[in-house]
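Here is a short briefing on a protein model and its ligand. Begin with the structure, then read the points by topic.

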Amino acid sequence: SDTRKKLLELFAEANGEFLSGQKISEQLGCSRAAVWKHIEELRKEGFELEAVRRLGYRIISTPDKVTANEIQLGLKTEKLGHTIHFFDEVDSTQRIAARLAYEGAPEGTLVVAEEQKAGRGRLDRKWFSPKGTGIWMSLILRPAIPPQRAPQLTLLAAVAVSQAIQEVTGLVPDIKWPNDILLDGRKCVGILTELQADPDRVHSVIIGIGINVNQTIEQFPEDIRTIATSLAIEKGGPVKRAPLIQEILFRLERLYEQYLAHGFRPIKLLWEGYAVSIGKPVTARTLNGVIHGIARGITDDGLLILEDEQKDIHYIHSADIQF
Ligand code: BTX
């Protein structure tokens, strides 16, 4: 609710100091009893709050959950993540976000879940999304761009997530075109971009982001154990999810504004800074066949430039890349 959001903003401003019940009720425009009820709700969600007579309330610790409340406590964005739909369990946040977008949900609406039963990757592949250890979320954007440009937003999202991971954990990720983020050569993030569009105009772009945060190696299913990793494995300790989501939304918003104002070029430069495949021999498996060559970079539209053994240049829209 709006009141809850305001309360969390007050606590964020207080930065761990006490807030008096009086001040809270004045700022929220509600009774002391109503304040107490909101505090109880937060406790039920796992927030630890200290209440001291005459001093008021302060937050001691937040739960490591990804509820709307926890994400909104300390959120630094203007637009992204101001409406959050949180679920304990869903089939796929992509499906829910697509429905919300279709029904007219505003730009910046975020769907996030503790667990996905049918998380998806590209081409109907499965995305393993176990309970409580990862970030499984979908963001609705409504850029006024033609549909062909939408893949650029996958690359933009990859830059935002990489920056946020670097900021929060100190780890430096690599991006593998088009949509994987790797740590130490293993996949820790997958990004899936889906569209609702007319031939000439995008209605909405749903950016799905899956991040392995706190899994141990044993917690990955056997078929991906050698190719996947989590932030906790790489960092050697647990990582809190809500602050990472906040940082991703913050970075995404900044890059998205740049993108809308100046196009893809500035994003492309940042992307190239994280890219591992550039200048290296790679194999691209496309729907039309397999191409071996050297990845030379990406075009201003976000296509991969591949130079084959005959020195012919191929522009790749969509493929799986192997080194
Ligand atoms: P992708 O098609 O590039 O990658 C899918 C492949 O990655 C799988 O076939 C499998 O080999 C491997 N894989 C599956 N799960 C994991 C995992 N947890 N960690 C590492 N590797 C894995 C990537 O597709 C795009 C994934 C987007 C996921 C988000 S989560 C929120 C949103 N909701 C939803 O259903 N999908 C998106």
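A polar contact is a pair of N or O atoms within 3.5 Å; within protein, one must be able to donate a hydrogen and the other to accept it, and residues adjacent in sequence count only if both atoms are side-chain atoms. The model is predicted: local features need pLDDT of at least 70, side-chain atom pairs count only at pLDDT 80 or more, and totals for chains, interfaces and linings use all residues. Residues are numbered from 1 along each chain as its sequence is written, and side-chain values use heavy atoms, with hydrogens and water left out.

- A polar backbone atom of Arg120 lies 2.7 Å from an oxygen atom of the ligand.
- Gln116 places a polar side-chain atom 2.8 Å from a ligand nitrogen atom.
- For Thr93, a polar side-chain atom is 3.1 Å from a nitrogen atom of the ligand.
- The protein buries 93% of the 790 Å² that the ligand exposes when taken alone (Shrake-Rupley method, 1.4 Å probe).

**The shell around the ligand**
- The ligand is surrounded by 28 residues (a heavy atom within 4 Å), and Ser92, Gln116, Arg120, Arg125 and Asn212 are the closest.
- Helix H5 (93-102) and strands S5 (134-141), S8 (186-197) and S9 (202-212) each supply at least two shell residues (DSSP runs, at least four residues for helices and at least two for strands).

**Domains**
- The domain assignment, automatic or from a database, gives domain 1 (2-61), domain 2 (68-274) and domain 3 (281-322).
- Between the C-alpha centres of domain 1 and domain 3 the distance is 55 Å.
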